[in-house]
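Open the structure in your viewer and keep the selection tool at hand. This tour goes stop by stop.

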Amino acid sequence: MKLIFEKSIPGRRCTILPPCDVPAAELPEALRRGSAPALPEVSETDVSRHYTQLCQQVHGVNCGFYPLGSCTMKYNPRIDEEMSSLFTGVHPLAPAHSKEGCQEVLDTAKKYLCEISGMDDMTFQPAAGAHGEFTGVLLIRQYHDARGDKTRNKIIVPDSAHGTNPATAAMCGYEVVNIDSAPDGCVDLEKLKAVLGPDTAGLMLTNPNTVGLFDQNILEITRLVHEAGGLCYYDGANLNAVMGVARPGDMGFDCTHMNLHKTFATPHGGGGPGAGAVGCKAFLAPYLPHSALMEGPGHLQVRSFGGNFLVVVRALTYLLTLGAEGIPEAAQNAVLNANYLMKALSGTYTPAYDRLCMHEFVLDLSDLKKETGVSALDVAKSLIDCGIHPPTMYFPMIVHEALMLEPTETESRETLDEAAAALRKLYAMAHEDAERMHTAPHSAPIGRPDEVKAARHPVLRYKAP
Amino acid sequence: MLYPDDRMYSKSHEWVKTEGETAVIGISDYAQDALGDVVFVNLPGEGDEVAMGEAFGDVESVKAVSDLISPVSGTVSAVNEELLDAPENLNKDPYGSWILKVENPTDTEELLSAADYEAFCASEG
Amino acid sequence: MGSYVPSAPAQRQEMLQALGLSSWRELYRDVPPDMYLDGPLHLPHGMSELEVNRAMSAMAAKNRVYATVLRGAGAYDDYIPAIVKYIPAKEEFLTAYTPYQAEMSQGLLQSIFEYQTMICELTGMDVSNASVYDGASAAAEAAAMCRDRKRRLTLISGAAHPDVINTVRTYCYGTGDELRVVPVKDGRTDPEALAAMLDGETASFYVQQPNFYGLWEDAEALGRAVHEAGALFVMGCHPISLGIAKTPADCGADIAVGEGQPLGLPLGDGGPYLGFMACREKLMRKLPGRIVGETTDDAGRRAYVLSLQAREQHIRREKASSNICSNEALCALTAGLYLTVMGPEGLAEAARQSMAKAHYLAGALCALPGVEMAYGGPYFHEFVTRLPRREDVLCALGQADILGGLPVGEDGLLWCVTETVSKAQLDRAAAIVKEVLAK
């Protein structure tokens, strides 16, 4: 496929603006650009066709099954998009009396999400999950700083945690203490006790954890951290398993982020925008971020203005739709679907943990690799030829040759049956035609890209010859 | 797997060749094999202090980063900037591609001979 | 009750039974009784689509969308062509995940590669990333890029957007690094104050161009002073202005960042917006966030892939310089699309017209008794006037469906005019201000 620059013809243009109806103003010579930027020169027909071609080489969850573990790729309802379009024209700095509708959106979303998470207050300023983690751990930092406690310089993170957790702790000036998970995939209480102390600022945890298991010791875990004087942060990435069924606030967590673009069905957009709403108990509310321009000095802030407001609109539309009964129904069926799919596969593949899972489960393909040489990567790439987006590969790091599947509640049993059949077929193919799987995919626009070459000799922009 | 005996080795898989008062340091064949295709090397700066057993830089492959652990203590007198443009040299010629030079190195007691290092690698499995 | 769960209750029971379970409680048997919610959430019932539509529309109806917007200050009412609204709404782009599986995502990866190229063209830099959250967090990430073992101090112009300054302050608080704000003189960065503050520990200096008050800074001179002190120079720029203004690269910047919202994103009460970051090649491996690179596949075809991932959190974990994972990908696609539709001529025209119309309004306002420009010197499309009774002025403008300038300082209004505002609207606004001040 050609790049848009390769379709550019000098002098071609779209006619968007009328001639200027006021006298020109002159930009002093010293401030002027040397030469025009080499942006494409194309007609609207060219634009439309180019993006149509691009779009044919993209796959979204609204287009097909997308069982990416830890990403909660659930169907993105169209009504959410339409409602979002009703709020596009509001300037963030318009006077409060002129945007009471926006305030009502935020207040209502806060009410719903506080009830779901068991928190007392909330901010919508963070623009993504990791941004929310940063905000949440900053609450912990500010809390200890306000108490004059400078000895607490460590954050505890299980080795199964998503990479954003330790990276966030480092951004907040903390040393990361990694604790090895127990053989059952959950937090090892003895290891936790061994690292807790007067230097503990807090713990970052997700429950269910990254292997899809609910940690039954959660109350003991948070109690131990609190006893040591630390606070507990809940990574809300896996909330889809328990929303409306159990609340982080009841598990002993002091603050949490939620991924509106996962649990609350706002579209992923190819990598963003999301929103990482952060909820906290009342004692941490004074430390929530606020825009200096809008609300005056005195608070931290993690981005300009109030946050990704239009994403909150989509999430609220979804929450209003589901309501008190629909919220737990979504979680229950997410867990049901995951267990159903895991059972359909466990005659063939090996689940990493032989027990009831939550909303996602991990398959361990190391035996398959030993027997046939076919790796988790090969299976994933071969799924592309079946028209199914591959599951998450090689995460979390505590399982080898891992494939993590999260079907979500918006998939039908028929879709799950088809996916299971496709995966079983690939298992058989691994024994019969491993070579074909090593070189998959075969039906995609490209084969496996040379990532080594990309990293050794980076070409990160187009340059006209 | 190659273990040339014209140099010493560390348990963190670096080799050390002495040239007068200077230790020339690189990574072993075992190391480059375990790392896979090297795409980038983060080098220390000239004049930096390195300490035995501590990281002085790292090596990136496509999907992982591995610390380079210093086998000796001392001051960095030179770094091999060719590796910035040709990191693949570490894979192609690990014993010919030095990474850094340390002058007046100390803490050299734990370095292994080629034979001992080979035995160590065999035990690592 | 609204639901997106396809299966009927009977089917769900069958699936439960196939697992050897008889109830939802059994499915959650690992959840201890003292936290299992066996009653409903204290929330309203769910709604059908029609009811949700009514509820959300009722909320939207409580907002005022002004017919004429004369306020900027970090959020700009530039014209969004119809096709720029339409294409990002296509479900493939809208509902895709991050393109980790390159073979299935070439369309998305290519659109980001095109965006990166365009940001490089606008800023004159060598490399751009695939976006960060907004201009303020981009400034904070840029400051982090510049720090090393010896140089940790961040300097920022006091004439930058207050939210940018506060965001950089927040990120500095996180890592325990010092931030100092360079004083402002006559609306611009005070070069003497900057020179006095630069030292051997300074990692970087950030200036906004044009600055928060709309004024053009003497970026090149500031940059020279920064480099003389051995520090790095970061410029936060307005992307529409780059259609006609000197590039940050030509001003000597090492890193160029900014708020990409004017490139086709609606005001949306503050977001989602778009942080762009571009830098010289020597700083490439310090750029945070995702970057798309070009390579070939096993058949030699051109292919795009997320590259240089060893910089990122999922590989470096606590050694990553940034925790960023999700970014503003769809907004970046939108920005690339906007720049494609506008082209070099269209972008320059939007910039020229914004500037011309702002100067026209400034002239009309300053012709009124009691109204004067707060600062002298060249400006782009925003300016500050001092005037009496600004609340009355804003109120009268509001009644005429005009959002007037932002109150700043004791008696200032920070106005903004974009290419969307017509001469007639500007004349009307000036007439209303005249009327108020004549009373």
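Start with chain C. Residues 24 or more positions apart account for 73% of its contacts with a separation of 6 or more. Two residues are in contact if their C-beta atoms, placed from the backbone, lie within 7 Å.

Before moving on, a word on the model and its labels. This is a predicted model: local features need pLDDT of at least 70, side-chain atom pairs count only at pLDDT 80 or more, and totals for chains, interfaces and linings use all residues. Residues are numbered from 1 along each chain as its sequence is written, while chains are lettered from A and ligands numbered from 1 in the order in which they are written.

**Stop 1: chain C as a whole**

Select chain C. Its C-alpha atoms fill a box of roughly 80 × 55 × 50 Å, taken along the principal axes. Colour by secondary structure: chain C has 14 helices and 17 strands. Helices (H or I, at least four residues) and strands (E, at least two) are DSSP runs, numbered from the N terminus. Of the 439 residues in chain C, 62% are buried. A residue is buried if 20 or more other C-beta atoms lie within 10 Å of its own, exposed if 12 or fewer, and partly exposed in between; C-beta atoms are placed from the backbone.

**Stop 2: the domains of chain C**

Select 68–78 + 349–438 of chain C for domain 1, then 82–337 for domain 2. Such bounds come from an automatic or database domain assignment. The C-alpha centres of the two domains of chain C lie 29 Å apart. Their contact takes 20 residues from domain 1 and 19 residues from domain 2. Which elements give two or more residues to the domain 1 side? They are helix H12 (329–366) and strand S14 (382–386) of chain C. H12(C) provides the largest share, four residues. By class, this side of domain 1 of chain C has 12 nonpolar, four polar and four charged residues. Ala, Val, Leu, Ile, Met, Phe, Trp, Tyr, Cys and Pro count as nonpolar, Asp, Glu, Lys and Arg as charged, and the others, Gly among them, as polar.

**Stop 3: chain C against chain A**

**Stop 4: the domains of chain A**

In chain A, domain 1 is 78–291 + 299–320 and domain 2 is 331–451. Their centres, taken over C-alpha atoms, are separated by 30 Å. Here 18 residues of domain 1 of chain A are in contact with 18 residues of domain 2 of chain A.

**Stop 5: a buried helix**

Zoom to helix H11 (residues 376–385) of chain A. Seven of its 10 residues are buried, so H11(A) is largely enclosed by the rest of the structure. Among the buried ones are Asp378(A), Lys381(A) and Leu383(A). Their cover includes strand S10 (402–405) and helix H12 (413–432) of chain A. Just after H11(A), Gly387(A) takes a positive phi of about 80°.

**Stop 6: the core**

Finish with Val312(A) and Val234(C). Of the 340 residues in the largest nonpolar core, these two touch the most other members. Such a core is a set of buried Ala, Val, Leu, Ile, Met, Phe, Trp, Tyr and Cys residues joined through C-beta atoms within 7 Å. Leaving aside neighbours within four places in sequence, the contacts of Val312(A) include Val105(A), Phe124(A) and Leu260(A).
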